[in-house]
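Biologist: I am new to this structure and would like a close look at one part of it. Please set that part in the context of the rest of the chain.

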Amino acid sequence: MSTDAQVPFLTQEAYDRLVAELEALSTTGRDEIAKRIEAAREEGDLKENGGYHAAKDEQGKQEARIRTLEQLLKTAKVGEAVVSRGIVEPGTVVTALVAGGEEVFLLGSREIAASGSDVDVYSEASPLGQAILGLKVGEKTSYEAPNGKSISVEVTNVETYAG
């Protein structure tokens, strides 16, 4: 697999959206969690304080998201949305027959998809993504699923992701 497949692709719009999310989480988000933890701490015994434990759990999830965003934004390749040429590439919407059933999904990082988008997203580093990357409409292949079964795939359409 080429090293390019390991570099996440983001449109400028997705990059800007993620920078704004990181800024909000790193500033007001941290302040809000700290206030909730402090307020819960003042309620007394921490062993049986559900509000305190919930706030600490949320803080851990928020810090993990901050680290994820920082890493993603540091390593991502930012550019224009890929214009479909009928070839499966990161950032395109693929329609494929997978094990006989039709699936429509975006190939790439779930961060590309606009918030509220209901499109499924598969990483190009996933077994399915690796199998179909570079295929043209009408081409068939198969890949080995994590359970060891061979799964057939036929690419039936490749479109530009409109967001």
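In which strand of the chain is confidence lowest, and in which is it highest? After that, please look closely at Thr92: in which strand is it found, and is it buried or exposed?

Modeller: This is a predicted model, so confidence comes first. Confidence in the chain is lowest in strand E1, residues 9–11, with a mean of 79, and highest in strand E6, residues 140–144, at 94. Averaged over the chain, the pLDDT is 86, and 94% of the residues score at least 70. Residues 1–5 stay under 50; for them the model has three contacts beyond four places in sequence.

Now to Thr92. This residue is found in strand E3, which spans residues 92–98. Thr92 counts as buried because its relative accessibility is 0%, and the cut-off for buried is under 20%. Its side chain reaches the backbone oxygen of Glu89 at 2.6 Å. With neighbours within four places in sequence left aside, the contacts of Thr92 are Val82, Ile87, Phe105, Leu106, Leu107, Val158 and Glu159.

Two of these contacts lead to other parts of the chain. Leu106, in contact with Thr92, belongs to the largest nonpolar core, which has 17 residues. Leu106 is among the members that touch the most others, along with Leu10, Leu18, Ile112 and Tyr161. Strand E1, helix H1 (12–41) and helix H2 (50–75) each supply at least two residues of this core. Leu18 shows how one member sits: beyond four places in sequence, it is in contact with Leu10, Arg65, Leu69, Leu72, Leu73 and Glu111. Apart from this core lies another, of 16 residues, including Val88, Tyr143, Ala145 and Ile151.

One record bears on the earlier part of the chain. An unreviewed UniProt entry annotates residues 10–78 as "domain: Transcription elongation factor GreA/GreB N-terminal". In the model, that stretch is 81% helix and 6% strand, with its end C-alpha atoms 5 Å apart.

Notes:
Residues numbered from 1 in each chain as written. Predicted model: local features only at pLDDT ≥ 70, side-chain atom pairs only at ≥ 80, totals over all residues. Heavy atoms only, no water. pLDDT = per-residue confidence, 0-100. Helix = DSSP H or I, 4+ residues; strand = E, 2+ residues; numbered from the N terminus. Contact = heavy atoms within 4.5 Å. UniProt positions renumbered as here; feature names shortened; annotations may be inferred. Buried < 20%, exposed > 50% of the residue type's maximum accessible area, 1.4 Å probe, protein only. Polar contact = N/O pair within 3.5 Å; in protein donor to acceptor, adjacent residues only side chain to side chain. Core = buried A, V, L, I, M, F, W, Y, C linked by side-chain atoms within 4.5 Å.
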